[in-house]
Amino acid sequence: MSELDTLPCAVLITDASGLVLEMNDAMRSLLDDGSRDWTLRSMDGMLPPASRVLLQTHIWPILLRDQRASELYLHVRDEDGQDIPVLVNCARAHDIADRYTWVLFVAHQRSRFEAELLRARAAAQASADDLATANLELTRLHAQLQHHSEAIEDANRELAALSNTDPLTGLANRRALEATVKRWQTQASPGDWASLMLIDVDHFKAVNDRFGHDEGDRVLTLLSNALLSSKRASDLAARYGGEEFAVWLPSADRTGAEYAARRMHNRMRDVVVSGHSMTVSIGIASTNEIDDPDLLGQMIARADRAVYEAKSAGRNRTVHSEQSVTLLDS
């Protein structure tokens with residue numbers, strides 16, 4: 001028995017050209033049933049094509065340069081044509097310059113582990129791809145949800161605006177006026193003044209009857225523009241109903257309110273129907289009783305009586321609810 005046969009692994013000895021000089025029984029058993037004589041045959045014959053290429057292009061250059069090569073992964077082909085994975089260590093013999101010893105360890109377990117690793121890597125890649133796809137879909141759905149949320153918010157703001165706006169003139173409506181007055185009551189300090197003007201278009205029915213409702217609507221629109229251009233930024237102009245308008249004047253006493261009324265009378269000169277300027281009758285109510293739970297209702301009632309007095313006195317004038325008539329030139 002050769003000493004090589006006592007080793008628990010396959011051993012192969014070649015010269016520098018790869019000719020087989022000797023092998024042990026474990027190596028013969030790896031290749032065939034042990035009956036074939038491999039002496040002076042090239043070791044290429046025991047390798048499949050891919051391993052032969054690796055041997056010639058990679059392993060031999062390393063071995064000739066460094067005199068050794070470690071943990072190389074190859075396949076050997078047995079007599080049945082099966083490729084057997086092996087780990088190879090090889091080195092030049094110390095005592096003989098042209099002799100190389102190859103030690104082979106069957107690597108079935110490594111091959112299985114590598115196959116499992118490849119499957120796991122493929123599964124991980126598939127999972128990563130699925131996750132990336134899910135993230136893209138989630139991003140798309142989030143953007144879609146954000147778009148829907150913004151659309152709903154826009155719609156809500158539009159509905160809120162519509163619920164507080166007169167559709168013809170674009171001014172605030174009664175609901176907005178009530179909310180504004182209540183808000184002022186919660187924010188005002190004791191003793192603060194505020195005033196309310198009610199404005200009624202003189203002879204408006206005659207305009208509608210003679211020139212039609214389209215002309216009447218034009219007059220109301222022009223009047224609303226005059227209100228917007230003459231009021232302060234803190235004031236609120238509202239269409240109270242029909243041809244009647246209201247202006248809420250926070251921080252305005254009787255004097256301030258009457259000054260605002262004069263501005264309104266002057267602006268009405270620009271509202272012309274059939275060559276004649278339109279006029280308005282204005283009633284004013286002022287108060288500093290901020291705690292009155294029916295503040296707006298009380299002020300509307302007082303201002304409405306003042307409008308009636310203004311019309312009874314000949315129209316085109318302002319009346320304050322607590323004092324005498326103020327006559328204004330048209």
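Which residues in α5 meet which residues in α6?

Author: A word on the source comes before the residues: this is a predicted model. On the α5 side, the residues are Phe-204, Val-207, Asn-208 and Phe-211. On the α6 side, they meet His-213, Glu-215, Gly-216, Val-219 and Leu-220. By class, this contact has 5 nonpolar, 3 polar and 1 charged residues.

Now the geometry. Two packed helices are described by the angle between their axes and the distance between the axes. Helix α5 covers residues 204-211, and helix α6 covers residues 213-230. Their axes come within 7 Å. They cross at roughly 140°. Angles over 145 degrees would count as roughly antiparallel, so α5 is oblique to α6.

Next, strand β6, residues 194-201. Asp-200 sits in this strand. Asp-200 has a relative accessible area of 11%. The cut-off for buried is under 20%, so Asp-200 counts as buried. Its contacts, leaving aside neighbours within four places in sequence, include Glu-243 and Glu-244. Thr-279, Val-280 and Ser-281 also touch Asp-200. Val-307 and Lys-311 complete that list.

Elsewhere in the chain there is an open sheet of 5 strands. The strand order is β2-β1-β5-β4-β3, and the pairing is antiparallel. Two strands form the edges: β2 (20-23) and β3 (68-77). Each of these pairs on one side only. Neighbouring strands of the sheet are turned by 30° against each other on average, direction ignored.

Helix α2, residues 49-66, packs on this sheet. Helix α2 touches β1 (10-14), β3, β4 and β5 (100-106). The direction of α2 makes about 160° with that of β3.

β3 and β4 (residues 83-92) pair in the antiparallel sense over 8 bridges. Within β4, Val-86 stands opposite Leu-74.

Finally, the whole protein. Its secondary structure comes to 8 helices and 13 strands. The C-alpha trace spans about 140 × 50 × 30 Å along its principal axes. The radius of gyration is 52 Å, whereas a compact globule of 330 residues would have one near 20 Å. Buried residues make up 38% of the 330 residues. Consider contacts between residues at least 6 apart in sequence: 56% of them join residues at least 24 apart.

How values were computed: Residues are numbered from 1 along each chain as its sequence is written. This is a predicted model: local features need pLDDT of at least 70, side-chain atom pairs count only at pLDDT 80 or more; totals for chains, interfaces and linings use all residues. Side-chain values use heavy atoms; hydrogens and water are left out. Two strands pair if DSSP finds at least two bridges between them. Helices (H or I, at least four residues) and strands (E, at least two) are DSSP runs, numbered from the N terminus. Axes are lines fitted to C-alpha atoms, for helices over the stretch in contact, and angles run from 0 to 180 degrees between N-to-C directions. Contact means heavy atoms within 4.5 Å. Angles under 35 degrees count as roughly parallel, over 145 as roughly antiparallel, 65 to 115 as roughly perpendicular and the rest as oblique. Ala, Val, Leu, Ile, Met, Phe, Trp, Tyr, Cys and Pro count as nonpolar, Asp, Glu, Lys and Arg as charged, and the others, Gly among them, as polar. The radius of gyration is taken over C-alpha atoms; the globule rule is 2.2 Å times the number of residues to the power 0.38. Buried means under 20% relative accessible area, exposed over 50%, partly exposed in between (1.4 Å probe, protein chains only).
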